[in-house]
Amino acid sequence: MIKAKAKNEMKLVIPSNSSNESFARSAVAAFMAQLDPTIEEMTDVKTAISEAVTNCIVHAYRDTIGNIWIEAKIYDDGRIWISVKDKGCGIPDIARAREPLFTTGGSERAGLGFAVMESFTDKLRVRSAVGKGTTVTMEKRIAQRYRHDG
């Protein structure tokens, strides 16, 4: 966990309806805008959020609706820290789940969610307990263009 005090933070709780995936992505993007990211940096974070939330919808709460907790924090050094948490079925083997092309979601799923999240962020951590849920935390440092506003 990051020890520095966050400059700003947000929390959001949404039901795991597929229609909320784009809302979650947009909400984090709007919050992140205060860091003045490039379009590429914004797209990277939006893509990572989409993957994390989609994992909750498709895998954690397979045939039911549950809550997804999203938290984001901004730090003075230009980092954004994001947590996406569910209380769904959990992941029995995190290492296997992080392997590209592995999926429990059936033939329509590519199995690239964690690989995509990892490629678009600077740090990715996955914690999970079967029957209790999963928490994915991501960090991304926004380019040195970041300016302090007091």
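Before anything else, my rule for sheets: two strands pair if DSSP finds at least two bridges between them. Helices (H or I, at least four residues) and strands (E, at least two) are DSSP runs, numbered from the N terminus.

**Ground rules**

I am working on a predicted model, so local features need pLDDT of at least 70 and side-chain atom pairs count only at pLDDT 80 or more, while totals for chains, interfaces and linings use all residues. Residues are numbered from 1 along each chain as its sequence is written, and side-chain values use heavy atoms, with hydrogens and water left out.

**Entry 1: the chain overall**

I counted four helices and five strands in the chain. Going along the sequence, I read the pattern as β-α-α-β-β-α-α-β-β.

Next I looked up burial (buried means under 20% relative accessible area, exposed over 50%, partly exposed in between, with a 1.4 Å probe and protein chains only). Of the 150 residues in the chain, 47% are buried. Accessible areas come from the Shrake-Rupley method with a 1.4 Å probe, and for residues only the protein chains shown count as cover. I get about 8200 Å² of accessible surface for the chain, with 51% of that belonging to carbon and sulfur atoms.

Then contacts, meaning heavy atoms within 4.5 Å. Among contacts in the chain with a separation of 6 or more, 66% are between residues 24 or more positions apart.

**Entry 2**

I started with E3 and E5, which pair in the antiparallel sense over eight bridges. Two partners I noted here: Lys85 has Thr135 of E5 as its bridge partner, and Trp81 stands opposite Glu139 in E5.

E2 and E3 also pair in the antiparallel sense, over seven bridges. Ile70 stands opposite Val84 in E3. The E2 and E3 hairpin has four residues between the strands, and Gly78 there takes a positive phi near 90°.

Strand E4 (residues 123-129) pairs with E5 in the antiparallel sense over seven bridges. I found Leu124 bridged to Met138 in E5. These two strands form a hairpin with three residues between them, and Gly131 in the turn has a positive phi of about 80°.

How well covered are E3 and E5? Both are mostly covered: seven of the eight residues in E3 are buried, and in E5 (residues 133-141) eight of nine are buried.

**Entry 2: helix H1**

Buried in H1 I list Asn20, Glu21, Ala24, Ala27, Val28, Ala29, Phe31 and Met32. What covers the buried residues of H1? The cover includes strand E1 (8-15), helix H2 (39-60), strand E2 (67-74) and strand E3 (79-86).

Leu12 lies in strand E1 and counts as buried because its relative accessible area is 16%. Leaving aside neighbours within four places in sequence, I find Leu12 in contact with Phe23, Ala24, Ala27, Ile68, Trp69 and Ile70. Leu12 and Val28 are 16 residues apart in sequence, and their C-alpha atoms are 9.3 Å apart.

Ser19 is in the loop between E1 and H1. Buried or exposed? Ser19 has a relative accessible area of 55%, so I call it exposed. From Ser19 to Ile57 I get 10.0 Å, C-alpha to C-alpha, with 38 residues of sequence separation.

Asp36 sits in the loop between H1 and H2. Its phi is near 55°, a positive value in a residue other than glycine. Most residues other than glycine have a negative phi. With 31% relative accessibility, Asp36 counts as partly exposed.

**Entry 3: rings and charges**

I searched the whole structure for aromatic pairs and found zero. Rings of Phe, Tyr and Trp (its six-membered ring) pair if their centres lie within 6.5 Å; planes under 30 degrees apart count as stacked, over 60 as edge-to-face and the rest as tilted.

Charges over rings did turn up (NZ of Lys or CZ of Arg within 6 Å of the ring centre and within 35 degrees of the ring normal). The charged end of Lys73 sits over the ring of Trp81, 5.2 Å from its centre. The charged end of Lys87 sits over the ring of Trp69, at 5.0 Å from its centre.
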